[in-house]
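Colleague: I would like to learn how to read charged pairs and nonpolar surface in a model of this kind. Could you take me through the features one at a time?

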Amino acid sequence: SKHSKDQDGASCKLGLIYGAFFGFIARHDPALYTQFGQVKDDVERTLRFWDRDRIVLRFFEYACAKRHRPGKFDAKKGGISKGLGED
């Protein structure tokens, strides 16, 4: 498999937690709140929780269906990229 699996279908290694499909323990700790806006919050949230817990649990058998290709700018697709430019 192309993934390093720690358990059947899951990994505890550091890797991006995708913003459309995630969960966490709500600790109400301001140090875990994202601060740099929606465009960067996937990376920021992943790193904040990794720094605090030294673990993120990623499942390989679950996914989200997206209407548009993630990471590709399209002014018509809406969402957080609607007000942004291609830069």
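This is a predicted model: local features need pLDDT of at least 70, side-chain atom pairs count only at pLDDT 80 or more; totals for chains, interfaces and linings use all residues.

Colleague: How many salt bridges does a search of the whole structure find?

Modeller: Side chains of opposite charge can pair when their charged atoms come close. In this structure, the search of the whole model returns 6 salt bridges.

Colleague: Which parts of the chain does the pair of Asp29 and Arg52 link?

Modeller: The side chains of Asp29 and Arg52 form a salt bridge, with a distance of 2.3 Å from N to O. This pair connects distant parts of the chain, since Asp29 sits in the loop between strand 1 (10-11) and helix 1 (41-53), while Arg52 belongs to helix 1, the two being 23 residues apart.

Colleague: Where do Arg45 and Asp41 lie, and how should I read their accessibility?

Modeller: Arg45 and Asp41 are both in helix 1, 4 residues apart, which is about one turn of the helix, and their side chains meet in a salt bridge at 3.2 Å from N to O. Arg45 counts as buried because its relative accessibility is 13%, and Asp41 is likewise buried, with a relative accessible area of 15%.

Colleague: What is the distance between the closest N and O atoms of Asp51 and Arg54?

Modeller: Those atoms are 3.9 Å apart, and the pair forms a salt bridge, for which the cut-off is within 4 Å. Asp51 is exposed, with a relative accessible area of 55%, and Arg54 is exposed at 53%.

Colleague: Which residues make the nonpolar surface patch?

Modeller: The patch is made by Tyr18, Phe21, Leu57, Phe59 and Tyr62, and its area is about 540 Å². To take one of these residues, Tyr62 is placed in the segment after strand 2 (58-59), and Tyr62 is exposed, having a relative accessible area of 53%.

Key
Residues are numbered from 1 along each chain as its sequence is written. Side-chain values use heavy atoms; hydrogens and water are left out. Buried means under 20% relative accessible area, exposed over 50%, partly exposed in between (1.4 Å probe, protein chains only). Patches are made of residues with over 30% relative accessible area and no salt bridge: like charges are joined within 9 Å, nonpolar side chains (Val, Leu, Ile, Met, Phe, Trp, Tyr) within 5 Å. Accessible areas come from the Shrake-Rupley method with a 1.4 Å probe; for residues, only the protein chains shown count as cover.
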